[in-house]
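Here is a briefing on a two-chain model.

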Amino acid sequence: MSVLQSIVDGVALGAVYALVAVGLALVFGVMRLINFAHGELITAGGYTLALTAAFPKIASVTITVVVCIALALLMERVAFRPLRAASPTTTLVATFAVAFALQGVWLIAFGPEGRTADVLASLNQRVFEGDLDVRWITVTMLAVGGLLLGGTAFLLGRTTIGLQMRAAAADFRAARLLGVRADTVISFAFVLAGLLAAAVAILLTVQRPLVTPTFGLEVTILGLVGVVVGGIDRLGTATLGGFAIGFLTSVLGDALPADERVFLPSFVFLLVILVLLLRPAGLFARPSKTAVERV
Amino acid sequence: MTRARRFADGAVEFLVPACLIVLVGVVGGFMAPGTEEDFIAALVAVTIVIALHVFVGNSGVLSFGHISFVALGAFAAGLMTIPATVKPTLMPELFPFLAEHDVGNIPSLVLAAALGGLFAALVGIPLMRLSGLAAGIATLAVLEITHNVLRFWEKIGPGAKTLSLVPETTGLFQATVGALIAAAAAIAFRRSPPGRKLRASREDPPAAQAVGINIHRQRLLAFTISGALAGFAGGLMVHQLGSITTEQVYLDLTFLTLAMLVIGGASSLWGAVVGALLVSFLDSFLLNAENGTNVVVAELTLPNGSSIVILGVLLALMLILRSGGITGGREASLPFLRAALAAPPPPPGAGRAQDERPERTVLDV
């Protein structure tokens, strides 16, 4: 396999993890909440795609987006809003609980074997003939990823609600005192997270059409790792971290010999521990703004 | 507080949970063999959750990594008690010194505890510098690495296959004694100077450092003890089940034990024991119900997955409504005994207020 091929695949996977990272970092920004249950939004999107396979493609995609956003809002209203005053570790355990409860729900509703979601399977074709294998889905991933990241950046930088979200992320109490509506801002962050999760579900099912109850959890754990490694305090660094972890897993997976490839997660997580110890604020964060306490 | 009173408090803090553990052990003996297994499993769960409590409860730092010590203990104890005569055929890739030796039941439990403690000390040296969310993510990384290595390195174990033919030596007696040992260790640590220093650092890290407490050292000590207890619990677990896979000691067990600890009340031994027993019995009941069971009036069959839905909802509810857990994070106490030992009675409004103040809930760091 050529180096160029490795890079193309790495960039494609990196784009998906960047989207996961933005979803996690947006919610963390306004609520200080590390959302383990983000993956369940992705799983929900995957199952919706599988169930609506018979519908026209555009309807299927629309329904998926609606379902993901609705579930994100429901999650926030039922489980996370009552815990808004609690410490970050308490809410972390709560999102863990929500994630597992929803996995139970998937297991009850759809069984352990998994469903096939191949709505956009036609995208899994080569763009051009030749040695380099570039599929349409890779192009779509980059385009959708870029579009959504650009859109989020525009929203945060140029609109009133974006300004309010940034204010809430900087100092939640001060923002409320100045008239920012907490519920609106937080709900809006979850709407965006739901939208991003739907995009990840749609893009990911093209490559891995089998949706199982743990479909989203695996993606989220790695995405979360990317966010923390990049620097969770700022959207830019978190996104970069997500991209880096996706790129790294893909490229390392190609570079390692087959019998060592199975240990890839160990290498990645070892790297995570190293980053947390050496640069606790994140690899791409400015070192002075240390967000993580150490003793 | 008088010396007698302090001793009585300590005795009560140990004896009340210990009596509950013994009660479960004794009642389990009268049950049908199938149900007896649920009682043994509950006692093993108590041991794991006590191990988790020793670190999380006293330090206030969250750990998602303790199941890696359970996993190490379970695989070590299991591997070393399979007779050396059959090991090479079961696991041909094994390192020679692992394949050629085997040990008895008790040495295997000691080995599990030692390895768990050693592993915890090693990862703890760097990791105990972290707090809050970073500690959560870093300990999760330890779990992922342990799981990944155990699952794919066939020189040290069965890899992705099941480790089977492990002697099933953990009965009610060993499980009860095991849980009692863990409870005694937890209370001894809790009341020792390092335990008190660690709790001081949980309440107010800067103040603790200001009076000369080395937080890193206290956390590392608690993490090591906790890791040793977790490894020991893993040894008990594998000797109950007789066979084990890496998936049994991974995210699901992490979630289950964390739920037990939080539901019971993380900052007290009493909370750990109560939470582990309640959730464990509930979980066994629900798992039985998933296969169809007879409840007093009617046949009940729950679909697969119901148990984690119910536990997830219960855990979330507990965090929202009562984040100190069922026990509110308090140790067991017997009011009449305290009153008898409190002579001469303290002047009204003084004395008692101080030591009756409820502890802060553990996760509110």
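Chain A has a radius of gyration of 19 Å, which agrees with the value near 19 Å for a compact globule of 295 residues. The radius is taken over C-alpha atoms, and the globule rule is 2.2 Å times the number of residues to the power 0.38. This is a predicted model: local features need pLDDT of at least 70, side-chain atom pairs count only at pLDDT 80 or more, and totals for chains, interfaces and linings use all residues. Residues are numbered from 1 along each chain as its sequence is written, while chains are lettered from A and ligands numbered from 1 in the order in which they are written.

**Chain A overall**

- The C-alpha atoms of chain A fill a box of roughly 60 × 45 × 35 Å along the principal axes.
- Chain A holds twelve helices and two strands. Helices (H or I, at least four residues) and strands (E, at least two) are DSSP runs, numbered from the N terminus.
- The order along the sequence of chain A is α-α-α-α-β-α-α-α-α-β-α-α-α-α.
- In chain A, 52% of the 295 residues count as buried. A residue is buried if 20 or more other C-beta atoms lie within 10 Å of its own, exposed if 12 or fewer, and partly exposed in between, with C-beta atoms placed from the backbone.
- Of the chain A contacts between residues at least 6 apart in sequence, 72% join residues at least 24 apart. Two residues are in contact if their C-beta atoms, placed from the backbone, lie within 7 Å.

**Chain B overall**

- Chain B has 16 helices and two strands.
- Of its 365 residues, 52% are buried.
- For chain B, 81% of the contacts with a separation of 6 or more come from residues 24 or more positions apart.

**The A–B interface**

- Chain A brings 39 residues to the contact and chain B brings 40 residues.
- On the chain A side, the elements giving two or more residues are α4 (88-110), α9 (215-230) and α12 (264-278).
- α4(A) supplies the largest share of that side, 16 residues.
- By class, the chain A side has 31 nonpolar, six polar and two charged residues. Ala, Val, Leu, Ile, Met, Phe, Trp, Tyr, Cys and Pro count as nonpolar, Asp, Glu, Lys and Arg as charged, and the others, Gly among them, as polar.

**Helix α4 of chain A**

- α4(A) has 23 residues and runs 32 Å from its first C-alpha to its last, close to the expected 33 Å. The expected span of a helix is 1.5 Å times one less than its number of residues.
- The helix is largely enclosed by the rest of the structure, because 18 of its 23 residues are buried.

**Helix α12 of chain B**

- α12(B) covers residues 251-264, and its 14 residues reach 20 Å from first to last C-alpha, close to the 20 Å expected.
- Twelve of the 14 residues are buried, leaving the helix mostly covered. Among them are L251(B), F255(B), M260(B) and G264(B).
- These buried residues pack against α4 of chain A, and against α2 (33-59), α3 (66-81), α7, α13 (269-290) and α14 (306-321) of chain B.

**Helix α5 of chain A**

- α5(A) spans residues 136-158, and its end C-alpha atoms are 32 Å apart, in agreement with the 33 Å that its 23 residues should span.
- Its buried residues include I137(A), M141(A), L148(A) and L149(A).
- The cover over the buried residues of α5(A) includes α1, α8 and α10 (235-255) of chain A.

**Nonpolar core**

- The largest nonpolar core has 209 residues, and those touching the most other members are C68(A), A189(A), V200(A), V46(B), I50(B), A183(B) and A259(B). Such a core is a set of buried Ala, Val, Leu, Ile, Met, Phe, Trp, Tyr and Cys residues joined through C-beta atoms within 7 Å.
- Helix α8 (residues 182-207) of chain A gives the most to this core, 18 residues.
- Leaving out residues up to four places away in sequence, C68(A) touches residues including L41(A), A44(A), L195(A) and A201(A).

- R32(A) is not glycine, yet its phi is near 55°. R32(A) sits in the loop between α1 (3-31) and α2 (38-51) of chain A.
- R32(A) counts as partly exposed because it has 17 C-beta neighbours inside 10 Å.
- L165(B), also other than glycine, has phi near 65°. L165(B) lies in the loop between α7 (132-152) and α8 (172-191) of chain B.
- With 15 C-beta neighbours inside 10 Å, L165(B) counts as partly exposed.
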